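This report looks at aromatic rings, at charges placed over them, and at backbone angles. Please keep the sequence and the structure in view while reading.

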Amino acid sequence: MVQRRKSRQIDVGGVKIGGDAPVVVQSMTSTKTHDVEATLSQIRRLAQAGCEIVRVAVPHQEDAQALGEIVKESPIPVIADIHFAPKYAFISMEQGVHCVRINPGNIGKEEVVRDIVQEAKLKGIAMRIGVNSGSLEKELLEKYGYPCAEALAESALRWSERFEAWGFYNFKVSIKGSNVLENVKANTEFAKRTDIPLHIGITEAGMGTKGIIKSSVGIGILLHMGIGDTVRVSLTDDPVVEVETAYEILRALGLRYRGVEIIACPTCGRIEVDLERVVKEVEGKLKGIKAPLKVAVMGCVVNAIGEAKEADIGLACGRGFAWLFKKGRPIKKVDESQMTQELLREIEDMVQRENIYL
Ligand code: SF4
């Protein structure tokens, strides 16, 4: 079992981060923020997938001005993502966002950062300090020669100390880079020295399998070390995939369970069905279930039921038929053409009887 680092707890629009709160899943919209309809529609899809906090980019005045309406309609707290232009941080706060993320390194003078922090404090808004290799202070770059893990951790610590010196504590820190091992090192260095909650992730992880693997390894290592109070998987993809990936990482580490886990056999020469098709069909049909449920789809009856003993329910396929089994025991033999429907009917039954919500 993962022993989580003891961090202090903060509040982002009613969502607790750190302390004994579960690791919070977040994502970022990919729409133009000023397109309120498109942004809200994506936020609703993200929330449906289990996203608990959403960040939106605020590169222009019109994006900042649109935030009021977005915050009003969003089912989850909204974070304004600000770079280079402090005035958008102030407009975002006026518009009622729940959190402001800045990279102090690209905001400008320290006094400007202090003014943003003071406004957040006055309005009871949370903040996130972002430290990335691209926005590291010149002085630290000169000291270390390049944006290494030590430099990133030092930058994060310095800014955290300043925030605290200004009497502000409702903030979290993210230290992100695209190099997995440097990222792990920088977060570990920071985590050793403070109890400030950490937002973790690997930036620019990329597309498809490569992006998912890179993120899973980087985030997984940190979480397994007990580090990380909130996560965002950054992918070049529909942000809903980021949320689904985050939950799979958390599930693999035993930290959070959400939705159906499909256990599918790797297939071998004994297989008699097109298992990939069956798995895809079952997976697609069960997407709406939020409760944790283990469903096994196995290629044959020889070892399948024993192999998938820990599943709540499953199918062991044969030539032209399948055994439907529950908790390791066969309960019904069904025709191949009916097996998916039978499985879904049984699950629906379990959902109703055992009060699992869809
Ligand atoms: S369940 Fe059957 S088909 Fe699948 S890997 Fe095991 S023995 Fe092979």
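## Charges over rings

In this predicted model, the charged end of Lys-333 sits over the ring of Phe-321, 4.4 Å from its centre; a charge sits over a ring if NZ of Lys or CZ of Arg is within 6 Å of the ring centre and within 35 degrees of the ring normal. Arg-258 lies over the face of Tyr-247, at 5.5 Å from the ring centre.

The model is predicted, and local features need pLDDT of at least 70, side-chain atom pairs count only at pLDDT 80 or more, and totals for chains, interfaces and linings use all residues. Residues are numbered from 1 along each chain as its sequence is written, while side-chain values use heavy atoms, with hydrogens and water left out.

## Aromatic pairs

A search of the whole structure finds four aromatic pairs, where rings of Phe, Tyr and Trp (its six-membered ring) pair if their centres lie within 6.5 Å, with planes under 30 degrees apart counted as stacked, over 60 as edge-to-face and the rest as tilted. One of them joins Phe-163 and Trp-166, a tilted pair at 6.0 Å centre to centre with 35° between the planes. The ring centres of Phe-168 and Phe-171 are 6.3 Å apart and their planes are at 15°, so this pair is stacked.

Ring pairs link Phe-163, Trp-166, Phe-168 and Phe-171 into a cluster. Phe-171 is buried, with a relative accessible area of 0%; buried means under 20% relative accessible area, exposed over 50%, and partly exposed in between (1.4 Å probe, protein chains only).

## A positive phi

Phi of Lys-327, a residue other than glycine, is positive and near 45°. Lys-327 is exposed, with a relative accessible area of 54%.
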